[in-house]
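Please open the model in your viewer and keep the sequence panel beside it.

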Amino acid sequence: MRLVVVAVGRLKQGPERELANRYRGRIEDIGRKLGFRGLDIHEIAESRARDVEQRIREEADAVLALAPEEMVLVALDEKGKNIDSAAFAEHLGRWRDESVASTVFVIGGADGLSPELRRRARLSVAFGAATWPHQMVRVMLLEQIYRAATILAGHPYHRG
């Protein structure tokens, strides 16, 4: 199964990018042994439309243009479920075992995700009730993907 992160907005140079790259490398190392065929990260420019609904729609169109046909969509959404790391790993492991071609994680722009993306999402995840900057959400997502891989591998990284 291929893992894909599609994020609206760019991750600038700095500690967030360094940490994201570190987790990406870790995911790719352990993931190959678990049947994950790599991790792609796509950054989409934020829409410049004046109207909020138009911005959300344009960003959703850009996300869907990058999403493969055969996929499971996971929305990172403040209205999503708060699930623990073991449950997150269980989802990834189940989709891998079901031979899902790709799991696509979507991080929306400042205005959030479109209703269409929310409907298409098989899983909607929130990282707590707090509002997080998109750069931090990307780092937290990559850490959770890495943690899920270590859980599936029986690695001692996760001690929960």
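Colour the chain from the N terminus on, and the elements can be followed in the order β-α-β-α-β-α-β-α-β-α, in a model that is predicted. Counted by type, this gives 5 helices and 5 strands.

With the whole chain still selected, turn to its overall dimensions. The C-alpha atoms fill a box of roughly 50 × 35 × 25 Å when the box is taken along the principal axes. The radius of gyration is 15 Å, and because a compact globule of 160 residues would have a value near 15 Å, the chain agrees with that expectation.

Next, display the contacts and the surface. Among contacts in the chain with a separation of 6 or more, 84% are made by residues 24 or more positions apart. Of the 160 residues, 45% count as buried, while the accessible surface comes to about 8800 Å², with 47% of it belonging to carbon and sulfur atoms. If you then select the charged side chains, you will have 25 positive and 23 negative charges, whose mean positions lie 4 Å apart.

Now select R138, which is found in helix α5, the helix of residues 134–153. Is this arginine buried or exposed? R138 has a relative accessibility of 5%, and because buried means under 20%, it counts as buried. To see what surrounds R138, leave out the residues up to four places away in sequence and show those that it touches, namely A7, G9, R10, L11, I41, E43 and I107.

Move on to E58, which is found in helix α2, spanning residues 52–66. With a relative accessibility of 34%, E58 counts as partly exposed, whereas R138 from the previous stop counts as buried. Which residues does E58 contact once its neighbours within four places in sequence are set aside? They are S47 and A49, and with S47 the side chain of E58 makes a polar contact to the side chain at 2.5 Å.

R48 and E58 are 10 residues apart along the chain, and their C-alpha atoms are separated by 9.2 Å.

Definitions and conventions:
Residues are numbered from 1 along each chain as its sequence is written. This is a predicted model: local features need pLDDT of at least 70, side-chain atom pairs count only at pLDDT 80 or more; totals for chains, interfaces and linings use all residues. Side-chain values use heavy atoms; hydrogens and water are left out. Helices (H or I, at least four residues) and strands (E, at least two) are DSSP runs, numbered from the N terminus. The radius of gyration is taken over C-alpha atoms; the globule rule is 2.2 Å times the number of residues to the power 0.38. Buried means under 20% relative accessible area, exposed over 50%, partly exposed in between (1.4 Å probe, protein chains only). Contact means heavy atoms within 4.5 Å. Accessible areas come from the Shrake-Rupley method with a 1.4 Å probe; for residues, only the protein chains shown count as cover. Lys and Arg count as positive and Asp and Glu as negative; His and the chain ends are not counted. The place of a charge is taken as NZ of Lys, CZ of Arg, CG of Asp or CD of Glu. A polar contact is a pair of N or O atoms within 3.5 Å; within protein, one must be able to donate a hydrogen and the other to accept it, and residues adjacent in sequence count only if both atoms are side-chain atoms.
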